[in-house]
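Good morning, and thank you for coming. I would like to take the group through one protein model, moving from a single residue to the wider arrangement. Please keep the display in view while I speak.

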Amino acid sequence: MKSNRVFVKGNTVKKRAILSIVAASAMVVGLAACSSGDSGSGDGGEGEGGLIGVAMPTKSSERWINDGDAVKSQLEEAGYEVDLQYAEDDIPVQVSQIENMITKGAVALIVASIDGTTLTNVLADAEAADIPVIAYDRLLRDTTAVSYYATFDNFLVGQQQAWTVTNGLGLTELDGTPIDGAPAGPFNVELFAGSLDDNNAFFFFDGAMDVLQPFIDAGTIVIPSGQTDIEQVATLRWDGETAQSRMEDILTSEYSGDVRVNGILSPYDGISRGIISALEGSGYTVGAEWPVISGQDAELDSVKAIVAGEQYGTIFKDTRDLAAKAVEMTTAVLAGEEPEVNNTEDYDNGEFVVPSFLLEPSIVVKDNIQEQLVDTGYWTADEIGL
């Protein structure tokens, strides 16, 4: 029997609860017109190398816009025509978009899925047509059609999110090194995780708990809500409003009088901003009582929040580098070559271990914004407001 939870890193591995979303074929056909409309950016210019379809999940997150733009521009520079589409977190729309890419004669597909378990049938069509598929940042599960996977070291991302929290609490350095004379606590911390339909959410959470569990066991960190399982702390579609509502419920039920929350593990900047809104609505003000909040993706609004003291840190995953790796993989496969990979153990998609390349993320806090984000050209000082 195939296990739904296939990676083994960390001390908190739990059986994955896969959210299965089945789209009827009639729905897919009915939504076909959406796939080439406003949800995407359409074809690129004429490309001598052929058409490559790029399927992205949504424009509601700033990072996916950056990813799509980077992939598209780099493919066009390499001589390909590009069909870049965004599905706005609608699974049948993404299925339809990929179907249309296949019908239009795409020679390869780069897919950042909404739910990596729901594209099996359309990817089988791509496989039957000998169209190579590169999984982009989110693993495509339960299919033999995926050729390679380009992503970041997602377990490390989770560790870095936890180190962001422990650093803000004065327990460790940003690299996890214990601080001599660190406070004994206890610190009240609440946990948030990503969406259960995204394989990365489990890597992030397991990496974070690998760091936090020893502090919890020692009593240095306590979780007043008692919510410590990923199924309890998950945030469907990584939605900030969903996170805000849950944080409001926790503050109402667990925090009153002089009891304050000291830290919040957040796996994504959009979730962090929802948490910040909940705190503000509950009377928290930035200053000594404000909790340490982690994040991910270095979205501009959250970088500004770090400058303002509302968010302690974020994890920077340079989308330009990820796009370059995905383009490199795609062009190598189309040339009949084997692209470089650095991980052939951890990303079993339920059918086989997908050869992967993991890029290294970095932690951004207020003190290194200039070095990490401005000096690298990711954001300008004016955009951030430095």
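Predicted model: local features only at pLDDT ≥ 70, side-chain atom pairs only at ≥ 80, totals over all residues.

Asp 229 is partly exposed, with a relative accessible area of 30%. On the scale used here, buried means under 20% relative accessible area, exposed means over 50%, and partly exposed is in between, with a 1.4 Å probe and protein chains only. Asp 229 lies in the loop between β8 and α7 (230–233). Its C-alpha atom is 10.0 Å from that of Met 209, and the two are 20 residues apart in sequence.

Residues are numbered from 1 along each chain as its sequence is written, and side-chain values use heavy atoms, with hydrogens and water left out.

As for the whole chain, there are 13 helices and 13 strands. These elements are DSSP runs numbered from the N terminus: helices are H or I with at least four residues, and strands are E with at least two. Of the 386 residues, 55% count as buried. Among contacts with a separation of 6 or more, 72% are between residues 24 or more positions apart, where contact means heavy atoms within 4.5 Å.

Let me turn to strands β2 and β3. Strand β2 (residues 51–56) runs parallel to β3, and 6 bridges join them; two strands pair if DSSP finds at least two bridges between them. Strand β3 (residues 81–86) is mostly covered, since 6 of its 6 residues are buried. Glu 81, Asp 83 and Gln 85 point one way, Val 82, Leu 84 and Tyr 86 the other way, and all are buried.

Which residue of β3 is the bridge partner of Leu 51? The partner is Glu 81. Leu 51 itself lies in β2 and is buried, with a relative accessible area of 8%. Beyond neighbours within four places in sequence, its contacts include Val 82, Met 101, Lys 104 and Val 107. The C-alpha atoms of Leu 51 and Val 107 are separated by 5.8 Å, although the residues are 56 apart along the chain.

Next comes helix α4. Its residues are 120–128, and the buried ones are Val 122, Leu 123 and Ala 126. Viewed down the axis of α4, these buried residues fall within an arc of 100°, so they line one face of the helix; the arc is that of the directions from the helix axis to the C-beta atoms. An α-helix has 3.6 residues a turn, so residues three or four places apart point the same way. On the other side of α4, Asn 121 and Ala 128 are exposed. The buried residues of α4 pack against α3 (91–103), β4 (108–111) and β5 (133–136). After α4 comes Asp 130, whose phi is positive, near 60°.

There is also an open sheet of 4 strands, in the order β8-β7-β9-β10, with parallel pairing. At its edges stand β8 (221–222) and β10 (292–293), each with a single partner strand, so one side of each is left without a neighbour in the sheet. Helix α5 (residues 154–168) packs on this sheet, touching β9 (263–265) and β10, and its direction makes about 175° with that of β9. Axes here are lines fitted to C-alpha atoms, for helices over the stretch in contact, and angles run from 0 to 180 degrees between N-to-C directions.

Finally, the aromatic residues. Rings of Phe, Tyr and Trp (its six-membered ring) pair if their centres lie within 6.5 Å; planes under 30 degrees apart count as stacked, over 60 as edge-to-face and the rest as tilted. By this rule there are 6 aromatic pairs. The rings of Phe 203 and Tyr 347 have centres 4.6 Å apart and planes at 20°, so the pair is stacked. This pair links distant parts of the chain, 144 residues apart: Phe 203 is in helix α6 (residues 199–218), and Tyr 347 is in the loop between α11 (319–334) and β12 (356–359). Phe 203 and Tyr 347 are both buried. Phe 316 and Tyr 378 form an edge-to-face pair, 4.8 Å centre to centre with 65° between the planes.
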